[in-house]
Structures are given as C-alpha cells and as structure tokens.
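Take a look at the model below. The notes after it walk through what sits inside, one part at a time.

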Amino acid sequence: MEPIINSQLPEFKVQAFHNGEFKTISSEDIKGKWAIFFFYPADFTFVCPTELVDVAEKYEQFQAMGVEVYSVSTDSHFVHKAWHDASESIRKIKYPMLADPTGVLSRGFGVMIEEDGMAYRGTFVVNPEGKIKIAEIHDNNIGRNADELLRKVEAAQFVAEHPNEVCPAKWKKGASTLKPSIDLVGKI
C-alpha cells in the first residue's frame, strides 16, 4: 500500500447538496485552500449523524481558519437532501455534503469497502497545494471527535507557516513548539 501522506488530492467532479441547493464540486474548487474530507458510511445511520453534527458545531471555527469541510458518503446528492429534510440534526450542517455513488472519492482516498459499497470513516486534511497532510481511518463502529480534528488542523497550519518547528503531543494553538536540532536529541 502506498503512503497517502503528502500524496496529491485525487482528481474528481461530484454532485453535492449545500445550503439547500445541488452543486457540482471538483478538485479544481479545492486548489489554493485548506480542506477537510470527512468520509462516513451512509446517510440515515447511527454514528454518522453524531459526527456530522459535531463537525457542524465547529464549522465556523474551521471557516475562520480558512478551511472548507466536505462530508462524503456513497449516497447520492438526492439522498443527502432527503436526510437534511428529514433530520433536525442534519439541518444544522452548513458545509457541502458530497455525493460519491460511483466511489471515485472513496477509492481515491483509500477508504472504499468494496463488498459493502460504502466508505470507512476517513478524515483527510488537504493543504492549499493539494497535498494530504493528515489521514485518519476508523472502523465504522468508532466515532470521531471534531475537537481533536480542529487541533490537528491548527497544528498542520502552524507547521506549514513555521517549517523549522514541530508540534509535540497534545499541542494546542499558542503552546510551545519544538525546533528540531542536535541539541534536543535525547533530552526530551
């Protein structure tokens, strides 16, 4: 299996449901921006709405950081709309919900479960150059945490702006970082 970190965002063009409208979103729309691709197995399920709402509650913070969030499932954009219309929780979502019924994105990010026709819970952070900087894949019975995702994006943006520094474990914005050097070897 090839490493996904620092690989290029796959090319794609898919339908989306966003702010009450159907839209086409492509890899061209992502260029020059930070983006999160948040894969989940299916609409109208159990863990998925809890995660999508968790991210929705942090969406303004991601937007303030210049990050666009894209949720992705193998459902169609019509199903995304139906879920939005049927669920008070899903109506809280302000970010684009990408439809991936052919699995082009799920396969491109390596999260497609072929025998089920759906994706694992995959979270990917893409930098403005289109490179995947963070990749996390969960079994579908394990939910994710938007607070931790927010922290990771802050760290990815910090090291992008400060290439000679690294963020240690549990680093939070404003905390001390490390400057790798021979003087630190064996002293941490």
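## Ground rules

Contact here means heavy atoms within 4.5 Å. Helices (H or I, at least four residues) and strands (E, at least two) are DSSP runs numbered from the N terminus. Buried means under 20% relative accessible area and exposed over 50%, with partly exposed in between (1.4 Å probe, protein chains only).

This is a predicted model, where local features need pLDDT of at least 70, side-chain atom pairs count only at pLDDT 80 or more, and totals for chains, interfaces and linings use all residues. Residues are numbered from 1 along each chain as its sequence is written, and side-chain values use heavy atoms, leaving out hydrogens and water.

## Helix H4

H4 covers residues 77–86, and its buried residues are His77, His80, Trp83 and His84. They sit on the same side of H4, because they span an arc of only 115° around the axis (taken from the directions from the helix axis to the C-beta atoms). The face turned away from that side carries exposed Phe78 and Ala86.

What lies over the buried residues of H4? The cover includes strands S1 (13–18), S2 (21–26) and S5 (97–99), along with H2 and S4.

## Cys48

UniProt, in an unreviewed entry, lists Cys48 under "active site"; such annotations may be inferred rather than shown by experiment. Cys48 lies in helix H2 and is buried, at a relative accessible area of 1%. Beyond its neighbours within four places in sequence, Cys48 touches Tyr40, Pro41, Ala42, Trp83 and Arg121.
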